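Open the model in a viewer and keep the sequence panel beside it. The stops below say what to select next and what is there.

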Amino acid sequence: MQNIRHVVGSVDVLSRSGDTPPAIVVGIKSEERMKDFTPTQVNEVPMSGGAESFLHFLKKELMPYIDKQYRNNSFRVLEGHSM
């Protein structure tokens, strides 16, 4: 939770100063980081290898929802932390 606050604060300061355009920040809580953020299955890590499904969710569900609900443009940034 602390990282989203840092990102939102940074975007706020940068956009108010005119250094970046205003941005929509979306935080996604992962219930199983190892599954969501690893691209391949590793036998020693049972929940690994679900990144393709997570990316599918981002592309096919989340982004279309944001596009429909908010005025935005096609510029996108995907940022993560630690994995």
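Select Arg16 and Asp12: the two form a salt bridge, with their closest N and O atoms 3.0 Å apart. A salt bridge here is a side-chain nitrogen of Lys or Arg within 4 Å of a carboxyl oxygen of Asp or Glu. The model is predicted, so local features need pLDDT of at least 70 and side-chain atom pairs count only at pLDDT 80 or more, while totals for chains, interfaces and linings use all residues. Residues are numbered from 1 along each chain as its sequence is written, and side-chain values use heavy atoms, with hydrogens and water left out.

Arg16 and Asp12 are four residues apart in helix H1, which means that about one helical turn separates them. An α-helix has 3.6 residues a turn, so residues three or four places apart point the same way. Arg16 is exposed, at a relative accessible area of 62%, whereas Asp12 is partly exposed at 34%. Buried means under 20% relative accessible area, exposed means over 50%, and partly exposed is in between (1.4 Å probe, protein chains only).

Now select the whole of helix H1, residues 2–16. Its 15 residues reach 21 Å from the first C-alpha to the last, close to the 21 Å expected at 1.5 Å a residue. The expected span is 1.5 Å times one less than the number of residues. Just after H1, click on Gly18, which takes a positive phi of about 85 degrees.

## Second stop: the whole chain

Zoom out and colour by secondary structure. The protein chain has three helices and zero strands, in the order α-α-α from the N terminus. Helices (H or I, at least four residues) and strands (E, at least two) are DSSP runs, numbered from the N terminus.

The C-alpha atoms fill a box of roughly 50 × 25 × 15 Å along the principal axes. The radius of gyration of the chain is 15 Å, whereas a compact globule of 83 residues would have one near 12 Å. That radius is taken over C-alpha atoms, and the globule rule is 2.2 Å times the number of residues to the power 0.38. Of the 83 residues, 12% count as buried.

How many salt bridges does a search of the whole structure find? The search finds three. Select Asp36 and Lys35 for another of them, where the side chains meet at 3.3 Å, N to O. Asp36 is buried, with a relative accessible area of 11%, and Lys35 is partly exposed, with 34%.

Then select Arg76 and Asp67, whose salt bridge has its closest N and O atoms 2.8 Å apart. Arg76 counts as partly exposed at 38% relative accessibility, and Asp67 counts as partly exposed at 34%.

Show the side chains of Phe37, Phe54 and Phe57, which ring pairs link into a cluster. The structure holds two aromatic pairs. Rings of Phe, Tyr and Trp (its six-membered ring) pair if their centres lie within 6.5 Å; planes under 30 degrees apart count as stacked, over 60 as edge-to-face and the rest as tilted.

Look at Phe37 and Phe54: the ring centres are 5.5 Å apart and the planes are at 75 degrees, so this pair is edge-to-face. Phe37 lies in the loop between helix H2 (33–36) and helix H3 (51–69), and Phe54 lies in helix H3, so the pair ties together parts 17 residues apart in sequence. Phe37 is partly exposed at 28%, while Phe54 is buried at 15%.

Phe54 also pairs with Phe57, and that pair is tilted, at 6.4 Å centre to centre and 35 degrees between the planes. Phe54 and Phe57 are three residues apart in helix H3, which puts about one helical turn between them. Phe57 is partly exposed, with a relative accessible area of 29%.

## Last stop: a patch and the end of the chain

Switch to a surface view and select Ile24, Val26, Ile28, Tyr65 and Tyr70, which make a nonpolar surface patch of about 460 Å². Patches are made of residues with over 30% relative accessible area and no salt bridge; like charges are joined within 9 Å and nonpolar side chains (Val, Leu, Ile, Met, Phe, Trp, Tyr) within 5 Å. Accessible areas come from the Shrake-Rupley method with a 1.4 Å probe, and for residues, only the protein chains shown count as cover. Ile28 lies in the loop between H1 and H2 and is partly exposed at 36%.

Finally, select Ser82 in the segment after H3. Ser82 is exposed, at 61% relative accessibility. Ser82 and Gly49 are 33 residues apart in sequence and 17 Å apart in space, C-alpha to C-alpha.
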